[in-house]
Amino acid sequence: MQALNLIGGAATGMGPEDTLIVSDLSVAYGRRVVLRKVSAEIGRGQVVGVVGPNGGGKSTLLKAVAGIIPRLSGEVTLFGRPIASQRSKVAFMPQREIVDWDFPVTAADVVMMGRYPRTSWLHRTQRYDHEVVDEMLDRVGMLEYRDRQIGSLSGGQQQRIFVARALAQEADVLLLDEPMTGIDASTQEVVMKIIEEQRQQGKIVLLATHDLFAASCACDCLCCVGERAVSFGPTEEMYTEETLTEVFGGPVIILGQQSEPAPAHGYMPGHGVHHEHEHDHTHETPGS
Amino acid sequence: MDTVFDWFADPLRYEFMQRALVEVVLMGAVTGAVGTYVVLRGLSFIGDALSHAIFPGIVVAYLLGRSIFLGAMAFGILTSGAITVVATNRRIKEDSAIGVLFAGMFALGIVLISSSRNFSRDLASFLFGNVLGATMNDIWISAGAGLVVILFLLLFHRELLIVSFDRLAGESMGIKVFWIDLLLLLMISLTIVISLRAVGNILVVAMLVTPAATARLMTDRLPTMILLSSAIGVLSGLIGLFISYHADVAAGGTIVLVATGVFGVVWLFAPEHGLIMSKLIRRQISDSLGEESTVLFESPQILPPRRQA
């Protein structure tokens, strides 16, 4: 049983009151173990890109940190307290595809949902909440679409609405699942800008993405999640031609089907790395 | 003018018609409102399952000489719990399990009631409703249950909205989705109980789905949709009741037919989403395209041959 440590996350000088700590986290769906004893420390102001193959556990990692799927083992603490008691400090943005965009709500209605954790049960939304909603819509460049039914928006615009909802939660940790998938360049720019702002405000951002290049631009650290292997490091180290060729080998994907256990700290060249030109077209060649 | 007035006023001379009128108004308003969530969350199958599973509860209560509403409610709670546990998050996969369950429960009801002497008459009134037989007691029960359902929708509207639109985000915000699901199913059960007198066990699902589906065609806003759906439910109930009186046909069936008719009309004529309007809009747009055309690409074959230098 390997215990994989995602080391090097927290910057020096940060105590547990400033960090998101994942220790020995394991998650299984039925008999299939998706995450195996993963540990990480991520400090304020850090942006972590979670990359890896489909079904490798990117979404699972985010959901486990959000506390919405049962953990097999391990624990997640935020600022020194269990994540379950810190719900209002975490904003989770699911993949855009899981939602029915035909739903009869406007863009502003969706962003207002993000205010839910900040408003008490009996108190209706206040003027301040509406101000926050408009401000967040403005920050993603969607203010003029506030009263549009969400189904009439383009994919990129829908993604911005989702980002705005996460922002409206005014959380300390943002968990963004595939915010860069299937969107146009201008939306990607907006998302990148928002992430940069979050970093400067000392927020913690976990960003699951297929887009290695975008991840390398936006993130301080990269976390490659495969079925059996997890590799973690500063972007400069991870995002070099050499490392990526080792990890992804060009248009390559990490699979967890290797028979021997993966080495403790990340990948060994040639192990857990598998060429896959046919199966996964969503993985881009670095730099493309 | 007088004849139209008489058409409505005449039946109301009878007390049983007055009671029936109150009963269908209550039923229409509550089914319409709850139906919005049934439609938006794709719960029509589960609504159908609930109404069938409640049937043996009615029969048992009837055979024991107790209130059929109590019997229905008891089985409604039981089945809501079972469905929430079975179907949480994996609704599609558990379809057959729910199908097996509700068909079996319904069969149990049939077998039980076949032991009664007035078999066919009783069966008909449970299955297809008997709104003209509504008592004051029925009306109070409907009003009370209706109030509970409407209060639930008002108090939990934000939770219902978030869970219906984006379950995962709702869960991550700390909403107890399991309990919201269970409560919603319980409210659907209550609504089915309210509708037993008016349209009966079989046609309840029509009142849960049709007005809401109609309202969805007319608006893109959830609050408007709920109000419209309620209004359509009430309207269908009233018109159906009066038609059934004058034509001397079954009230429950007529009410559902009117609702279906309203859906058909709206489906054809609704602004934006209606069949005819969307055709008109298409024509208008295609007329406004203008004369100029943009050539994106011309195949080399049809280009004129290059002039010799």
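**Glu178 of chain A.** I found Glu178(A) in the loop between β8 and α5 of chain A; helices (H or I, at least four residues) and strands (E, at least two) are DSSP runs, numbered from the N terminus. Its phi is near 55°, a positive value in a residue other than glycine. Is Glu178(A) buried or exposed? Glu178(A) counts as buried because it has 23 C-beta neighbours inside 10 Å. For this I used a simple count: a residue is buried if 20 or more other C-beta atoms lie within 10 Å of its own, exposed if 12 or fewer, and partly exposed in between, with C-beta atoms placed from the backbone.

**A note on the model.** This is a predicted model, where local features need pLDDT of at least 70, side-chain atom pairs count only at pLDDT 80 or more, and totals for chains, interfaces and linings use all residues. Residues are numbered from 1 along each chain as its sequence is written, while chains are lettered from A and ligands numbered from 1 in the order in which they are written.

**Asp24 of chain A.** I then turned to Asp24(A), in strand β2 (residues 19-29) of chain A. Phi of Asp24(A) is near 50°, again positive in a residue other than glycine. Asp24(A) is partly exposed, with 16 other C-beta atoms within 10 Å.

**Helix α5.** Next I followed α5(A), residues 185-200, whose 16 residues reach 23 Å from first C-alpha to last. That is close to the expected 22 Å, the expected span being 1.5 Å times one less than the number of residues. Which residues of α5(A) are buried? I noted Thr187(A), Val190(A), Val191(A), Ile194(A), Ile195(A) and Gln198(A). They lie on the same side of α5(A) because they cover an arc of only 135° around the axis, taken from the directions from the helix axis to the C-beta atoms. On the other side of α5(A), Ala185(A), Ser186(A), Glu189(A), Glu197(A) and Gln200(A) are exposed. The cover over the buried residues includes β4 (47-51), α3 (127-139) and β9 (204-208) of chain A. Just after α5(A), I saw that Gly202(A) takes a positive phi of about 80°.

**Strand β10.** I checked β10(A), residues 221-225, and it is largely enclosed by the rest of the structure, because five of its five residues are buried. Cys221(A), Cys223(A) and Val225(A) sit on one side, with Leu222(A) and Cys224(A) on the other. β10(A) pairs with β4(A) in the parallel sense over four bridges; strands pair if DSSP finds at least two bridges between them. Opposite Cys224(A) stands Val51(A).

**Val65 of chain A.** Leaving out residues up to four places away in sequence, I listed what Val65(A) touches: Val22(A), Val76(A), Ile83(A), Leu175(A) and Leu206(A). Contact here puts two C-beta atoms, placed from the backbone, within 7 Å.

**Leu268 of chain B.** My last stop was Leu268(B), in helix α12 (residues 251-269) of chain B. Leu268(B) is exposed, with 12 other C-beta atoms within 10 Å. Apart from neighbours within four places in sequence, Leu268(B) is in contact with Gly274(B), Leu275(B) and Ile276(B).
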